[in-house]
Amino acid sequence: MKSWFASSLLLLSGAAWGASVDEGRACLEASDLPCAARIAATAGDSAAALALRAEVAFASGQFADALRLLESAGPGDEQRARDLALYRATLQATDGFVTSKKGDVEIRYLPGTDLVLVDEAFEALQAAHDRIGPLLGGAPPGGIRMEIYPSAERFTKASGLPPEAVQTTGVVALSKWTRLLVTSPRALGRGYAWKDTIAHEYIHYIVAWRTQDRAPVWLQEGIARSHESLWHLDEPPILQPYQQSLLADALANDTLVPLARMHPSMAFLDSADEAALAFAQVSTMMVHLREVAGDAAVSAVLDRVRVGTDALKATADVGTQGNVDTFMAGWRERLKGMHLVSRKLAAMPTVLGTPEDDFGIDPVLANRRDLAGHARLGDLLREADRAEAALVEYNKAIPDGEPAPPTLSARMSDALLTLKRVDDALATLRASVSDYPEYASTRKRLGSILLSQGKPREALVQYRASADINPFDPDVQAALADLYTSLGDPSLAARHARYRGILALGGATPGEHGDDG
Amino acid sequence: MAESVARIKASLRGFARREQRNLLLQAGLAAFAAWCLAWALLAAAVSSDVASSAEGWIWLGGLALAGVVAGAIPLRELRAARDARRQALRVEALRPELQGALLTVLDRETRPPGSPSLLARLAARAAAAVDSVAPALVHPAATVRRVAGLAVASALLLGIAGLVLPRGPIEALAALSAPDAVAEIAEDLPEADGPRALLGDITLRYLYPTYTGREPFEVPNSNGEVHAPPGTVVEVRARTGEPQETASLVVYERAPAAAELVEGRSVRGSFTVEGPGAWRFVFGELPSPDYAIVPDPDLAPDVSVQTKQRVLSLALDGEISLPWTARDDFGLTRVVVEVDEGGKKREVEVRAPVDVPRVLDGVLSVTPASLGLAAGASAKLRVGAWDNDAVSGKKAGYSSVIEIEVLGPRGRADRQAKYRKLLRDALVLVLADFLLDPAPPGILGAEASTWATAAAARYEPFDRLVQEAWGGAEPDTFDATLLRALRDDRRGLLSFASGLGGTARIADRDLAMLVSLQGKHVETVENGILMLDQVIRAAALATLEELVVQAAKEAQELKSDFQTLDKPAALARLDQLERLYQQLARESAKLDDGALRDFVNSRSAQVDSLMDEIRKAIREGRMDDAKELMDRLAETMQEMADQISDMQQQRQKSGEDLQKAMEQVKTELEALEKDQSALRERTESAREEHGDDMQEAVDRWKEVERLAGVVVEQLGKLDPELEPFRATAWSGGSVLGEVRGDAAGLHDSARGRDLDTALLRADQMYGSLGMLGGRVSAAIRRQKGDPTALAVSARAVEAQQKNVQKIRELLDEMAQRQAQTSPALQRELQQMAEEQQQIAERAKGTAEKAGKVAENLPMDAPGLEEGTRRGAEQAGRAAKAMRDGEPMPAEGGQRAAEDAFREAQDALDEASRNLRQMQQASQGQGKGEREEGKEDGEGDKPGDGEDMLSQDMALPAPEAFRTPEEYRRALLQGMEGEVPEEYKTLNRRYYEELVRQ
């Protein structure tokens, strides 16, 4: 891996010797860790200096040192007490972690099945640096540390966020304290698009550094959401049907989320639906900006925000010569021209930890136990070899005016396959993938049918998408290994065969260890 | 057309000929059979001297008549068989798809046709159908064959009579036609052994032993045979044929005892019945004939228990509830239950009546614990009763044996879990069939009826399981609630569908009802499955969690000890862990939950692989690798345990959240009802204070409400009388249901003081009562069913129609004379309107919450959301009426809102109780389940599956009281309060018994 942070280190020359503790803290707030480290090293032995050194150690991932330093600084104000609690919680949350390092990138994780994430996490970060960094005007100095938390409990502990906020808004990763904190997809019942999320958090890291942390949440999220998939795509993808339906509804009813309400965090919005709408709004605003002002537009906005310009004004300056109304009107027009899907779709729930039952991960059935009952009856009928009757029950589980929920589509396809109605099964799954693309199980089933029909390339697309959401399914890894072998890619075949082996042994790799583990 | 009709007629004539031929054959064969049978009986009568030549011609005439009568029965139909319409009806029955076409063609032939082309098409269709029917199908020879079989059997019997009887059929005929024949045969009889003194006018007087409680009994003109229980003193009086000088009595061939001889011809003596034997008088040397002494044995009491279950499995504290009956000829002194535990028998007293009744019954209510049995024990039970035989000693009679198996808590939970799963799976198959049924299943009555029969058969495996599963135990669990709901719903649907039988097309209204009942039944079955499933899954998860946590703990211990173990010890400990894990895997295989099973299976695969790798590493001496793998194994198992525990916690949390939501809704409903009630009282007070002129309207409304209540009550009583007709082609059931629904609606409107709706409903009701009356009259004319019951129904319907007419008149008067509200009252009402509106708004919010609760409940909660919404609507109606200054509708709306809030609370309470029972069932707390049921005042019920669903009541045993008077008082005292109908029935029975005594 090339040392892509090396170029950033040249930017550190501005830091001055003998600067104050406050300046060191300002460096930290600006995500300039080398700057803060230098200041801390020369700040003396006062309590404030010890606290600064503790913060630097914390941001560097040296949690035990951070705690020791802060404890030695003695009792301080409320903020110090909160920091002490956070350091202790983080130390617990990262207990047993090992580190893998490539160049200036460190990834910490708990040995075990999360090992299957590490290679692709490095690749995603590298690609994000190479492809997204330039669009935002460069990346921060000092390398990057990322922690992969194996469980919701550990992530919540390390994040400092209240558990309710995590559950309500679906926060599974953070860019904070110059580190990326990411939840392993295995901590969610259904997995999630974890590599886009890594890129997303990395973008936050860049934006915080580029603006000296002056960018408001809406701008942060707008840039991150609209750029997060550019590490592997050339253009931002079309909004997901669920987001389209939210936007269409909000436009029709004039219920768009005001930008001011997105402060201080999307995590504090009222519901997952509202948060998703807000993300869709700000993401499309940034896409609109790039369309009207070119690829360099976002970087130009960040430059203006860095010097104190209001974010919306800066956006309008770059996009529509300073006229905010024109910019917003243009954005709305663009939305109207997108022919947004207006049918009702439910949000994918963020279920951290093991769901209560089969339907806990379903966007519809998790909240409609009456419909889940019909789905369960369908399961019982299918297990009793009464597939036709099962389909009757499954159809009862589809909410009025909405497409089939994803967990239901998978079941319906199984029943249809039992009845030898393969085309109907395929159509059901394809519709579900279109409506709910982030549902690994549907894609896996679709891949399996396509494979059985002798369509390996189409099957590969679905298995690949399934693994990108939930890489912990040994069947999917085995299928990918076989498909890559048959399609002539021995390198990837070997990788997925290895993942399959790791998963088979619950993550044990006798003889292999992390860099410091 | 003409050609088709000709074909039809020709075919019908063919059918008629075949029927006539069959009838002639039947007549001949029946006559022959009757003649053989009568002849054989005649021979028997002559042989036993019942028939003699004196009445010879009468007997012979009877013999001839029997044949003629038997032969004449089939011949009565001979003329009718020529009727083409009769043949057509047969064909229609065989080809329901004709839908009356054949009959129509025949009818139209004799009457002016409507549409000739239509008739021609009908005729062609009918002719084709008639052609396709073979005569043998229309008139099968089955009856002829049966009668022929009877004739052969009778002939055989006659032959056997000839061989067996002293006088065969031929001799019997001869004896009856020729008197001398008897004398000739008599000469062949053997002579008596020696001379005997003639005795006549024998009178026996029995003096029974005291314990029998029987009065002395005299038998004049006896044949001398003594029939009495041992210990009976028999006094014999007789007259001799010739005067005698001395007499003695010989009994049981003992030494002669003195006998009293009066005037040489009247002789008297006595003896005590001791056993079988004979008695005779002896006059000097001349004995009288011997007379048999036949002791009537005092048999042991006859005891029976009424249960279909012969093997009961139940918990230590599970109640055995067995109805029993004991009878004895002379009296019962004790009733016990005998417990045979591994050959060791002991008795526990059940009853010790104060008097000595000949019949005693009761319900055995004991628990294994009270019988001294321990968990895991098995024993044989039988109910025994002791008689009062003071002569030969008391004897006991016993019922058949009931085997019981006492389950420990675990065994009981396992058993319940097993049956719940079986029940669920059986119901799933039932559901599958119902889901795929067309709705409606047919448009002809016969199709619906056939479907009902098939649908009933779907339940057979399920019904068998219910019988097996609930042998003598726990009628108050949620299972029983669920089964009762299923049974009632099933009966409703199937009896309605069966009642539609017939070849006619089902009326549209009945079709709609049938479809509605089908849908409702599917919902009930679905609900039942989901309730069972929820309990099964929760219990399975709890078991799995227990095992996984244990396995994880073992793995952690092995991980800690691993460094200190040598190779063989490490491998041995690993084997031990694997065995535990295999047990876990076996348990998980029982899981019926897709995701959970997949999860456990995937982890199982990991664990298997890790164990294999650890063994391999140990064998190859790679102890560091083995240690690392062991660490991973321990972590994998711990993660698995954590995840399953998480799942459990999630479930518990969901349950707690639901419980909290229910409590919240309950609190809000209570507050709504209370506030609404208070506001209604204020509204009433205001009306009373400022609305003097309203009193007339108030009184009218009260009268309307009263009359509507009477109509509801009387129509409710009408139902059982019309019930028998539901099973016939007369579909009065649905009409009655409609009328009752209208009546309830009318009553609601009256309570709600809703003039417009009440008027509308009264009009509808008047019409539907007229329709019901018409149906009953038609049934009377057609003589369908019990004429007395029908006449009572007709009168009741007529009376209610009059009541409804009165209601209409009252409502009309009110509509014409709307009272003016005083300005003061209007002002006051308007001031309270805002408060009323707030109640309506609050109720809307509560209805939303109630809807959410209902959505998340695992079972239906009928009336919860609907009641709350209706309450909100009525509260809103009241608010509007108050704003408009109309006190009567306002009060009515307020009252209706209160009713609705109360109904919603009842529904919530019911759901809450079911939920608690389900939660307890999930935890396998059988004791808790039963006690839970008792909280609601439900008594214990007898034990088999069917009985479990009934509500039998039991009176205390009389001996529990010191005197009969105390017992009577206790009973009467018990009847003073409000008691269920079943107790009233018992009370009636008690008085009936008194009258009989």
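**Conventions.** I number residues from 1 along each chain as its sequence is written, with chains lettered from A and ligands numbered from 1 in the order in which they are written. Because the model is predicted, local features need pLDDT of at least 70 and side-chain atom pairs count only at pLDDT 80 or more, while totals for chains, interfaces and linings use all residues.

**Confidence.** I looked up pLDDT, the predictor's confidence in each residue, from 0 to 100. Chain B averages 79, and 84% of its residues score at least 70. I noted two stretches of chain B where pLDDT stays under 50. For residues 179–192 the model has six contacts beyond four places in sequence. For residues 925–954 it has 72 such contacts. A contact here is a pair of residues whose C-beta atoms, placed from the backbone, lie within 7 Å. For the complex the predictor gives an ipTM of 0.78 and a pTM of 0.63.

**Chain totals.** I took helices (H or I, at least four residues) and strands (E, at least two) as DSSP runs, numbered from the N terminus. Chain A has 24 helices and five strands; chain B has 28 helices and 20 strands. For burial I used the count of other C-beta atoms within 10 Å of a residue's own, placed from the backbone: 20 or more is buried, 12 or fewer exposed, and in between partly exposed. On that basis 56% of the 517 residues of chain A are buried, and 40% of the 997 residues of chain B. Of the contacts in chain A with a separation of 6 or more, 64% are between residues 24 or more positions apart. For chain B, 76% of the contacts between residues at least 6 apart join residues at least 24 apart.

**H2 of chain B.** I checked helix H2(B), residues 56–75. Its 20 residues reach 29 Å from first C-alpha to last, close to the 28 Å expected at 1.5 Å a residue; the expected span is 1.5 Å times one less than the number of residues. Gly56(B), Trp59(B), Ala66(B), Gly67(B), Ala70(B), Gly71(B) and Pro74(B) are buried. They lie on the same side of H2(B), because they cover an arc of only 110° around the axis, taken from the directions from the helix axis to the C-beta atoms. The face turned away from that side carries exposed residues, among them Trp57(B), Ile58(B) and Val68(B).

H10(A), residues 194–210, has 17 residues and reaches 24 Å, close to the expected 24 Å. Gln212(A) follows the helix with a positive phi near 55°. H24(A), residues 490–504, has 15 residues and reaches 21 Å, close to the expected 21 Å. Its buried residues include His496(A), Tyr499(A) and Arg500(A). Just after H24(A), Gly506(A) takes a positive phi of about 60°.

**Interface.** I found 36 residues of chain B in contact with 31 residues of chain A. On the chain B side, H10 (409–436), H14 (508–561), H16 (594–619), H17 (623–690) and H22 (823–856) each supply at least two residues. Which helix gives the largest share of that side? H17(B) does, with 12 residues. The chain B side divides into 14 nonpolar, nine polar and 13 charged residues. I counted Ala, Val, Leu, Ile, Met, Phe, Trp, Tyr, Cys and Pro as nonpolar, Asp, Glu, Lys and Arg as charged, and the others, Gly among them, as polar.
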